[in-house]
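Me: Please take a close look at one part of this structure, the aromatic residues and what surrounds them. A single connected account will do.

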There are 2 protein chains.
Amino acid sequence: MTRILFAALLATSAPLVAAPLTPIEVGALRDTALKDDYAWDIVEGLTTEVGQRLAGTEAEARGRVWAVAKLKAMGFANVRVEPFDMPVWTRGPEGAEIIAPFPQKLAIAALGNSGTTPPAGITGEIVHFDSVEALETAPDAAVRGKIVFISQAMPRTQDGSGYGYFGGPRRKGPGIAGKKGAMAIVVRSIGTDHHRNPHTGVMSFEGVRPIPAGALAVPDAEQLVRIIKRGKPVTMHLTLVSETHPGRSGNVIAELPGRDPAAPILLVGGHLDSWDLGTGAIDDGAGVAIATAAAKRIMDAGRPLRTIRIVWFGAEEPGIFGGLAYQAAHGKEPHYAAAESDFGADLVWKVNSKLGEARKPEAVALQLALAPLGVVPGATDEADGSDIDPLIEGGVPGVGLSQDGTGYFDLHHTPDDTLDKIDPEKLRQNVAVWTTMLAVLSGGIEEPKRSRRR
Amino acid sequence: MTRILFAALLATSAPLVAAPLTPIEVGALRDTALKDDYAWDIVEGLTTEVGQRLAGTEAEARGRVWAVAKLKAMGFANVRVEPFDMPVWTRGPEGAEIIAPFPQKLAIAALGNSGTTPPAGITGEIVHFDSVEALETAPDAAVRGKIVFISQAMPRTQDGSGYGYFGGPRRKGPGIAGKKGAMAIVVRSIGTDHHRNPHTGVMSFEGVRPIPAGALAVPDAEQLVRIIKRGKPVTMHLTLVSETHPGRSGNVIAELPGRDPAAPILLVGGHLDSWDLGTGAIDDGAGVAIATAAAKRIMDAGRPLRTIRIVWFGAEEPGIFGGLAYQAAHGKEPHYAAAESDFGADLVWKVNSKLGEARKPEAVALQLALAPLGVVPGATDEADGSDIDPLIEGGVPGVGLSQDGTGYFDLHHTPDDTLDKIDPEKLRQNVAVWTTMLAVLSGGIEEPKRSRRR
């Protein structure tokens, strides 16, 4: 029944998608993609041969060199780097230690854009809050000159929605603490694991003078709560050295040219940069690998009507600098759709899209084409992706292929974001989903040697 | 049927165990212990208020002060510290970095007794072996002046037997590498997890001049293998600063005096010291907590015939210094049995014992008493426990209450050995097992207010 419906729907959307593939052709592409090794090859190579790729650093620059070579070797056209300027924040020595009442070291990492302590560190009394709201309503006098600690725990969710409100302590806490005159702030890591690996991540002081801001590993934050519960004043020595300087990043762009150069392009991508603690395997080596492998699978099958443009965005982590640079340079070019993979390497479980009312049948066709891969049909009026949000907000149609985020925040922004966390079989399902999506939206693929294959 | 058999067996062993408890009395003690909070209170307190307790350091000394206060507060008698001298190894700054061909940092921790690098570190070429045997058979010329890397992986087992042979790279590797003239050695952590947390642990150079020796976290060791497989020479910069000085540790001893002061004593314990990376929750805060909680449960029930002696051994990790000091001081006193809890906080799944041929019925009675707690009857001619091994080798009867080790080597000797890894319900099963064991071997417990309880 699925196939009949699908064929009917493709027929309905025929005026929009020139020479659409038959369900059987899509199915063949999908099944071949389930044996994919392109994506593993990319993420294994990038994380092994480059490692961490902190935005604006020489490591990210090595990542761009690697990406250009790889994309050319895979046969893509118009491979280039589009550079842009940005402020570069880098981490120095860091550590946290309880001085009293129970001397011991705690595992900590500075948050991106943290202010710096002197090299010898600072010492202050802890003042504890269980949420941003509690900090916000506290009198300034209770916070002034102290080290604020927010202990709120993040819940585990499949759709990652826990990262919204419960990301508040990291995103908003430092600014509020700084405004109230705090000496520094430490937050419980925005994460769902129980390992001694702190979760870094970006925050902004928005006009407030930066103060040192760090994330304690979850076991250490829980330890600090237990220590505080003993009722004695808690003194912490904190070293969070960092610095910021003007620098440069860039987007790496490659294309699979379509048969119709005038047709609006299909944009797929992820981000090349990573935080500096891990090797950026799930955030976002997997993402660039999945999007690129899917485009390569279309290339292997033949020539799409529409040009597929692959973007490995630079400097996503510190503030979507690559996404904004792309929007500034290319936002006015016609895009048929944009999609970004940036939520790990677990199975795609839901498809959302925002193709517009007129293309609703195409959205439904996409849902039906993905159902055999275990993908739940989601909304047809929403789509997102951090680097492509500026485009989508500017009216570009978007597709959101949602990965299962149940385990994502165990690893997100930690030293544990390494290759061994990627399951090659789940990575293949991602490639199959993305290949299917591209096939459905491609406008039809012309096989170079159709007669010989049939 | 179990109860009938058990009663019959207790009757058989009556000449040996004066006034044995009936199965119902043992069952009541066991069931009460399944609601235990004493053990959690101890391990939560010790790990929170003291934290890590590296042998011979002021942190371990604070641990002894804490232990004495706690054991006295719990009502035990003859609480004292028996000090002993030992060489103290302490960790300094450490780090590993690939210089070429793919620059990146790796997570590393020095092994206990490692030689030291200069503060600025050393740089050398990696020579890779997949086992101790491969290193051993390599010509010295292939190793001399290089940094040896052993990449052997440890298998996951329930009984912990993987820690024997597969612990070889850590235990034997440094000595062999040093003898062959290596500049340093790094091994894949002896562990079963995939986190960026290296597993430290002790090794001995046995007469060879110490060289710097470290353990890479498992993901980092796998990364290094991938880098080596690219076929280019690999250069590593290694900083492993440490130092050794003469120092002091001690055993903390407490007693529940028996009705018969002349009867051989029952020794139960664990070790107070821990490695310095975590807070020593599963190794071995849980062990001292379980053994002590069980003795306290016997105290709450009444007065045993035999004295129960609790020992929180000092300095187990760097070389069983506490066990050897106890053996030297007390090895000639009559011990009815000795048992040590030092394998985490997971469920006890098997009981071994070595009580001697004449006490076989007692060994079987113990097995049957533990069966309702899901404990498999094991051998009756073997028992072990690192601190009590010197006693057992000297002829003291032993009981081995084997904990499930399936997940133990995910955490063992890592920063991740923290309180949050202990499941309070599993801890209670341990206390119930140990309470049952003590009840069976106690010689009978006289309830202080028997008439009022009945």
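Reply: A:Phe409 has a relative accessibility of 4%, under the 20% limit, and therefore counts as buried. This is a value from a predicted model, as is every other value below.

The ring of A:Phe409 is paired with that of A:Phe343: the centres are 5.9 Å apart, within the 6.5 Å limit, and the planes stand at 65°, over the 60 degrees required, so the pair is edge-to-face.

A:Tyr163, A:Phe343, A:Tyr408 and A:Phe409 make up one aromatic cluster. Over all chains, a search of the whole structure gives 14 aromatic pairs.

In chain B, B:Tyr408 and B:Phe409 form an edge-to-face pair, with 5.0 Å from centre to centre and 80° between the planes. B:Tyr408 and B:Phe409 are both buried.

B:Arg171 lies over the face of B:Tyr163, 4.8 Å from the ring centre. In chain A, the charged end of A:Arg306 is placed over the ring of A:Tyr336, at 3.5 Å from its centre.

As for confidence, chain A has a mean pLDDT of 94, and 94% of its residues reach 70 or more. Among the parts of chain A with pLDDT below 50 are residues 1-18, a stretch that has 29 contacts in the model beyond near neighbours in sequence. Residues 450-454 of chain A are below 50 as well, and this stretch has five such contacts. The model as a whole scores ipTM 0.92 and pTM 0.93.

The setting of these residues includes the contact of the two chains. Four salt bridges are found across the interface of chain B and chain A. One salt bridge joins the side chains of B:Glu44 and A:Arg230, at 2.8 Å from N to O.

Terms used. Residues numbered from 1 in each chain as written. Chains lettered and ligands numbered in written order. Heavy atoms only, no water. Phe/Tyr/Trp six-rings, centres within 6.5 Å; stacked < 30°, edge-to-face > 60°. Buried < 20%, exposed > 50% of the residue type's maximum accessible area, 1.4 Å probe, protein only. Lys NZ or Arg CZ within 6 Å of the ring centre and 35° of its normal. pLDDT = per-residue confidence, 0-100. Contact = heavy atoms within 4.5 Å.
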